[in-house]
Amino acid sequence: MRNLRQFMLFVMTVTLVTLTSCSSDDDGGEAGNAASGVMVAKVDGASFQSLEISSSATVANGGQNLIIIASSTDATAFAFTVLGYDGVGTYPLGGGANIFNSASFTQTDVDLNNPQNSTTEIWQAPYDDTMVGEINVAEETDTKIIGTFSFTCKNVGGDQTVKTITEGSFNLNKQVQ
C-alpha cells in the first residue's frame, strides 16, 4: 500500500511538472509599441506610421480570415491577409505551398501635374516557398487586434528589389464581417 501511494505521488508530480512546463505554439508574443488605432514599422530603416482613419483589422468569413489594411500620408500602405485565422497566435508568411498568408507594402508616386502618370509599386511576401517573416497577434478583444510583424518582401512585378520590414506593430480597431 505504501509503494502504491509513493508511486501515485510520483506520477502526479511528474504530470504536474509536465503540464506546467509546456509552452503554447499559439503565443502571439509581445503587443508592440503602436499607439491605439495605428500601425508602425521600419521599411528598410525608414519609419512608417499609418493614419487611424485609414487603418483597420477585419475578421471575416465567420472568423476564419483576418485582413489588415493601413495607409499613411506619404502614399505608402501595408496589407495583410491571414487565412485560417484562429485568434491570438503566430502566423507565418511563406514556408511552403500550404501556407496562404500574405503581406504587401505598397508605394505610390503621385504626379500632381498629370495624375494619370502616377505609378504604384507593390512588394509582396511571400515571394517564393521560403518563410520570409511572420505576423503575431498578441491580443484580440471585441474592439481591438494588437500585435507585431516583420518580413522581407519583393517587388515581383517590377524591378525585383527586396525591402526589409522590421519593428512592425499594430493596435487596430477591429471590425467583424
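Let's start at Asp-44, which is partly exposed because its relative accessible area is 46%; buried means under 20%, exposed over 50%, and partly exposed in between, with a 1.4 Å probe and protein chains only. Asp-44 sits in the loop between β1 (39–43) and β2 (46–49). Strands here are DSSP runs of E, at least two residues long, numbered from the N terminus. Now, Asp-44 isn't a glycine, yet it has a positive phi of about 50°.

Quick word on the source: this is a predicted model, where local features need pLDDT of at least 70, side-chain atom pairs count only at pLDDT 80 or more, and totals for chains, interfaces and linings use all residues. Residues are numbered from 1 along each chain as its sequence is written, and side-chain values use heavy atoms, with hydrogens and water left out.

On confidence, pLDDT is the predictor's own score for each residue, from 0 to 100. The protein chain averages 86, and 84% of the residues score at least 70. Residues 1–25 stay under 50, and for that stretch the model has zero contacts beyond four places in sequence; contact means heavy atoms within 4.5 Å.

Back to backbone angles. Most residues other than glycine have a negative phi, and most peptide bonds are trans. Glu-167 is another non-glycine residue with a positive phi, near 50°. Glu-167 is found in strand β11, and it counts as exposed because its relative accessible area is 58%. Then there's the peptide bond from Ala-125 to Pro-126, which is cis, with omega near -5°. Pro-126 is in the loop between β8 and β9 (133–140).

Okay, rings. How many aromatic pairs does the structure hold? Eleven. A pair means rings of Phe, Tyr or Trp (its six-membered ring) with centres within 6.5 Å; planes under 30 degrees apart are stacked, over 60 edge-to-face, and the rest tilted. Take Phe-78 and Phe-105: they form a tilted pair, 5.1 Å centre to centre with 55° between the planes. That pair links distant parts of the chain, since Phe-78 is in strand β5 (residues 76–83) and Phe-105 in strand β7 (residues 102–109), 27 residues apart. Phe-78 is buried at 1% relative accessible area, and Phe-105 counts as buried at 4%.

Phe-105 also pairs with Trp-123, again tilted, at 6.0 Å centre to centre and 45° between the planes. This pair, too, links distant parts of the chain: Trp-123 is in strand β8 (residues 119–125), 18 residues from Phe-105. Trp-123 is buried, with a relative accessible area of 5%. These rings belong to one aromatic cluster, whose members include Phe-78, Phe-105, Trp-123 and Phe-170. And look at Lys-163, which lies over the face of Trp-123, 4.6 Å from the ring centre; the criterion is NZ of Lys or CZ of Arg within 6 Å of the centre and within 35 degrees of the ring normal.

Last stop, Asn-155. Where is Asn-155 found? In the loop between β10 (144–154) and β11 (162–176). Is that residue buried or exposed? Asn-155 counts as buried, because its relative accessibility is 2%.

Terms used:
Helix = DSSP H or I, 4+ residues; strand = E, 2+ residues; numbered from the N terminus.
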